[in-house]
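Here is a friendly tour of aromatic rings and the partners they keep. Have a look at the model first, and then we can go through the contacts together.

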Amino acid sequence: MHGQINSTKRFFIHLPIITIAIMKFVIVPLVLIALTFRLCDSFEFERKELESEENLLHLYKRWSSHHRISRNGREMYNRFKVFKENAKYVFKVNQMNKTLKLKLNQFADMSNDEFMNLYTNSNITYYKNLHAKKTEAVNGGRVGGFMYEEARNLPSSIDWRKKGAVNDIKNQGATCGSCWAFAAVAAVEGIHQIKTKKLLSLSEQELVNCDFSDGGCGGGFYNSAFEFIMENDGITTEENYPYYAENDYCHSPRRNNPRVTIDGYENVPSNNENALKKAVAHQPVAVAIAAGGRDFQFYSHGMFTKNDYCGNQINHTVVVVGYGTEEDGTEYWIIRNSWGVHWGLEGYMKMQRGAEDPEGICGLAMSPSYPVKF
């Protein structure tokens with residue numbers, strides 16, 4: 001996730017929305033939907049395709065056609081050099097005796113540095129700390145409760161997708177560092193469905209444009225988003241305020257009913273996967289993670305474990321929508337991402353549960369949080 005905040009555009013207006021804005025609300029979401037619903041078949045390749053420059057170039061062209069990616073001239077030459085190294089890395093990892101498997105997804109001609117600049121957000125820690133300072137000032141340092149502390153007899157597995165509390169995978173796009181908004185919205189969508197039996201798709205764009213405690217496409221933190229929803233009589237639907245992946249004015253004429261409300265939010269005790277399990281047994285939970293490295297960038301399927309690399313910087317937010325246990329006894333979390341259906345297990349990841357380190361794999365147990373709705 002990346003992008004600088006355009007401070008001149010992020011304020012309330014009360015004039016009718018101009019024609020360009022209307023076109024943006026209609027056309028850009030349709031483009032994002034079209035991108036999301038491309039065929040999700042895996043891109044396969046063989047060792048012999050890596051054995052010569054000619055074969056690699058043919059592989060690159062085949063990959064470009066498969067993902068409908070067009071590069072021209074100098075850009076194609078530079079991208080091809082990156083693609084070659086990524087293809088060799090993916091093949092090497094897939095030959096190892098690991099449960100983790102990688103694939104040449106739509107990010108395969110991006111360097112890892114470029115990928116992280118586009119799809120992860122180094123500002124999460126900043127906004128988390130900023131939010132914590134504001135909360136301490138308001139509450140005198142009071143720490144909120146954890147309503148699931150005494151929960152017992154938890155199910156051995158749960159998948160909130162199967163219970164109708166999780167929407168289809170969404171795509172934040174490469175132009176907007178809005179994973180914090182997607183995580184907050186998915187968590188609110190989940191608890192709203194659990195309490196009302198109605199699954200609605202809610203508006204990430206309203207948070208990007210109107211939540212001034214966060215940084216729009218420049219990053220943010222889901223707890224601040226929960227507070228925005230509490231203080232603004234809820235959040236509207238995706239249909240009413242569609243996503244178009246950039247900072248813009250807060251279009252107040254669209255901030256009307258229907259709106260989904262929450263009554264509060266709570267933090268799961270830090271570095272405690274047992275506490276996280278208690279929370280996820282009751283609802284989807286937003287978490288902040290490290291999402292660096294090529295193992296994460298090219299994740300396809302299998303278990304992401306302590307032996308796989310995701311970096312050491314918390315730079316992305318996702319939602320834990322379930323947990324379970326493999327036949328060999330390995331426990332896992334079900335992670336819902338916001339990079340579209342071509343990444344991972346059609347947008348999801350299995351991440352090892354019960355790690356030796358208390359913060360969990362990729363730090364997912366460090367700062368979990370969930371909205372409360374009575």
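A charge counts as sitting over a ring if NZ of Lys or CZ of Arg is within 6 Å of the ring centre and within 35 degrees of the ring normal. In this predicted model, the charged end of Arg 294 is placed over the ring of Tyr 89, 4.1 Å from its centre. Arg 161 likewise lies over a ring face, that of Tyr 348, at 4.4 Å from the ring centre.

The model has 25 aromatic pairs. Phe 45 and Phe 91 form one of them: because their planes stand at 50 degrees, between the limits of 30 and 60 degrees, the pair is tilted. This pair joins distant parts of the chain, 46 residues apart: Phe 45 is in the loop between helix H1 (19–36) and helix H2 (53–67), while Phe 91 belongs to helix H3 (residues 73–94). Phe 45 has 15% relative accessibility and so counts as buried; Phe 91 is buried too, with a relative accessible area of 13%.

Phe 146 and Tyr 148 make an edge-to-face pair, and both residues are buried. Here are the two pairs in a table:

| Pair | Centre to centre | Angle between planes | Type |
|---|---|---|---|
| Phe 45 and Phe 91 | 6.1 Å | 50 degrees | tilted |
| Phe 146 and Tyr 148 | 6.2 Å | 90 degrees | edge-to-face |

Which residues do ring pairs link into a cluster? They are Phe 107, Phe 115, Tyr 119, Phe 296, Tyr 299, Phe 304, Trp 339 and Trp 343.

Definitions and conventions. Residues are numbered from 1 along each chain as its sequence is written. This is a predicted model: local features need pLDDT of at least 70, side-chain atom pairs count only at pLDDT 80 or more; totals for chains, interfaces and linings use all residues. Side-chain values use heavy atoms; hydrogens and water are left out. Rings of Phe, Tyr and Trp (its six-membered ring) pair if their centres lie within 6.5 Å; planes under 30 degrees apart count as stacked, over 60 as edge-to-face and the rest as tilted. Helices (H or I, at least four residues) and strands (E, at least two) are DSSP runs, numbered from the N terminus. Buried means under 20% relative accessible area, exposed over 50%, partly exposed in between (1.4 Å probe, protein chains only).
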